[in-house]
Amino acid sequence: MMEKQCGLKPSVQHYTCMVDLLGRSGCLSEAEDMIRSMRVKPDAAIWKTLLSACKINKEADMAQRIAEEVLRLQPQDSSSYVLLANAHASGVEEKEYNLTHHSEKLAVAFALMHTPPGMPIRIMKNLRICGDCHAAFRCISEVRNSEIVVRDGSRFHHFRNGKCSCGDYW
């Protein structure tokens with residue numbers, strides 16, 4: 001592929017640079033496809049480049065598969081284990097962040113599944129509601145045609161017909 005596009009005979013270093021660029025831009029599948037289609041044998045360095053991109057992009061499942069490729073080539077290399085552990089930890093941290101910082105979204109989702117349409121939904125929270133959740137509740141109240149009342153650390157927010165009682169100034 002690279003030979004046809006630029007007329008050069010690529011080396012593993014050329015491929016490693018391309019994998020790094022693709023990985024940093026979030027195109028992990030394309031980067032893996034490039035490695036697997038190389039005419040030269042991929043080395044551990046190129047696989048580690050993709051493994052590092054998996055950590056950055058929080059792709060723990062892909063990181064597991066790529067780590068196996070690295071370990072097949074360099075079973076004694078401890079850096080692969082560290083990169084894999086970091087990729088798993090990044091995914092867990094993101095899930096924990098979403099659960100602790102957007103728990104009111106989970107509460108509203110649960111309420112939507114278990115209450116009939118038109119019934120008001122009431123959520124209590126001791127921290128200030130974030131802008132993302134505030135906007136989501138405005139939309140949900142309009143689409144669902146329900147009232148959503150959220151008590152955050154400062155006030156009550158009454159969402160009805162896509163509007164909030166705070167006038168979007170909270």
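How many residues apart are R24 and D20 in helix α2? Four, or about one helical turn. The legends below describe close-up views of a predicted model.

View 1. R24 is exposed, at 60% relative accessibility. D20 is partly exposed, at 28%.

**View 2. A salt bridge joins E69 and R36.** Their N-to-O distance is 3.3 Å. E69 sits in helix α5 (residues 60–73) and R36 in helix α3 (residues 28–36), so the bridge ties together parts 33 residues apart in sequence. E69 is buried at 14% relative accessibility, whereas R36 is partly exposed at 43%.

**View 3. E104 and K125 meet in a salt bridge.** N and O lie 2.6 Å apart. The pair links helix α7 (residues 103–114), which holds E104, to the loop between β1 and α8, which holds K125. E104 is buried, with 1% relative accessibility. K125 is also buried, at 12%.

**View 4. R144 is buried without a salt bridge.** This residue belongs to helix α8 (residues 131–144). The nearest side chain of opposite charge, E147, is 12 Å away. A polar side-chain atom of R144 lies 2.7 Å from the backbone oxygen of T115. R144 also touches other residues, including L112, P116 and G118.

**View 5. Strands β1 (residues 121–124) and β2 (residues 148–151) pair in the parallel sense.** Four bridges connect them. I121 has I148 as its bridge partner in β2. The chain passes from β1 through α8 to β2 in a right-handed β-α-β crossover. On β1, I121 and I123 form the covered face, and R122 and M124 the uncovered one.

Methods
Residues numbered from 1 in each chain as written. Predicted model: local features only at pLDDT ≥ 70, side-chain atom pairs only at ≥ 80, totals over all residues. Heavy atoms only, no water. Helix = DSSP H or I, 4+ residues; strand = E, 2+ residues; numbered from the N terminus. Buried < 20%, exposed > 50% of the residue type's maximum accessible area, 1.4 Å probe, protein only. Lys, Arg positive; Asp, Glu negative; His and termini not counted. Salt bridge = Lys/Arg side-chain N within 4 Å of Asp/Glu carboxyl O. Polar contact = N/O pair within 3.5 Å; in protein donor to acceptor, adjacent residues only side chain to side chain. Contact = heavy atoms within 4.5 Å. Pairing = 2+ DSSP bridges. Right-handed = clockwise from strand over helix to strand, strands pointing away. Lists of a residue's contacts leave out its neighbours within four places in sequence.
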